[in-house]
Amino acid sequence: QLQLVESGGGLVQPGGSLRLSCAASGFNLDYYALGWFRQAPGKEREGVSCISSTGGSTKYVDSVKGRFTISRDNAKNTVYLQMNSLKPEDTAIYYCAVQNYCSGPVTSWGQGTQVTVSS
C-alpha cells in the first residue's frame, strides 16, 4: 500500500529557507508526476508545484516562481521542495501528492507538514 511521508516543515523567519521531503513506500513512483500542494488557514488547498515522472518538466504557481524548486530522486522514491526567500504568506500545511500527470487529478496524498513563516 502506498504511503507518502512528508518531513522538513517547521518555523522559519521571513527570508529564510526550508527543504521539504516526501518519501514514498509501498509503490514505485517512477511513472507518476509528483506535486506539492498547500492549504493555509481559512483558504482552499492550492497547487504549488509539480514535476513530471522523468523530472524533465516542472510547474510552479506564480506566487512561488523564482523562490521554490521542486526535484525528485526516483532511486530514493522521494520528491523535494526547496523553499527560499520565504514569506509569511507561505505559511500553510504542505502536502505531497501523486498524480498521473501534472494538472491531472491527485491519486494519493501525504499527511502534510506544517510550514510557519514568522518573525
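Modeller: The largest pocket is lined by Trp36, Phe37, Gly47, Val48, Ser49, Cys50, Lys59, Tyr60, Val61, Gln99, Cys102 and Ser103. The elements that give two or more residues to this lining are strand 4 (33–39), strand 5 (46–51) and strand 6 (58–60). Strands here are DSSP runs of E with at least two residues, while helices are runs of H or I with at least four, and both are numbered from the N terminus.

A word on the background: this is a predicted model, where local features need pLDDT of at least 70, side-chain atom pairs count only at pLDDT 80 or more, and totals for chains, interfaces and linings use all residues. Residues are numbered from 1 along each chain as its sequence is written, and side-chain values use heavy atoms, with hydrogens and water left out.

Back to the pocket. It holds about 150 Å³ of space. A pocket is found on a 1 Å grid over the protein atoms alone, as an open set of points where a 1.4 Å probe fits, with protein on both sides within 12 Å along at least five of seven lines; lining residues have an atom within 4 Å of a point. Grid points are joined across faces, edges and corners, and the volume is the space filled by probe spheres set on the points.

Strand 5 gives the most to the lining, with four residues. By type, the lining divides into seven nonpolar, four polar and one charged.

Take valine 48, which sits in strand 5. Valine 48 is buried, with a relative accessible area of 1%; buried means under 20%, exposed over 50%, and partly exposed in between, using a 1.4 Å probe and protein chains only. Valine 48 and serine 103 are 55 residues apart in sequence, and their C-alpha atoms are 11 Å apart in space.

Now for the wider setting. The protein has zero helices and eleven strands. Its radius of gyration, 13 Å, is close to the 14 Å that the globule rule gives for 119 residues, so the protein is as compact as a globular protein of that length. That radius is taken over C-alpha atoms, and the rule is 2.2 Å times the number of residues to the power 0.38. Buried residues make up 43% of the 119.

There's also an open sheet of four strands, in the order 1-3-8-7, with antiparallel pairing. Strand 1 and strand 7 (68–73) stand at its edges with a single partner strand each, so one side of each is left without a neighbour in the sheet. Two strands count as paired if DSSP finds at least two bridges between them. Strand 1 (residues 3–7) and strand 3 (residues 18–25) pair over five bridges, with serine 7 opposite serine 21. On to strand 8 (residues 78–83): strand 3 pairs with strand 8 over six bridges. There, cysteine 22 stands opposite valine 79 and alanine 23 opposite threonine 78.

One last stop is proline 88, in the loop between strand 8 and strand 9 (92–99). Proline 88 is partly exposed, with a relative accessible area of 45%.

Key: Ala, Val, Leu, Ile, Met, Phe, Trp, Tyr, Cys and Pro count as nonpolar, Asp, Glu, Lys and Arg as charged, and the others, Gly among them, as polar.
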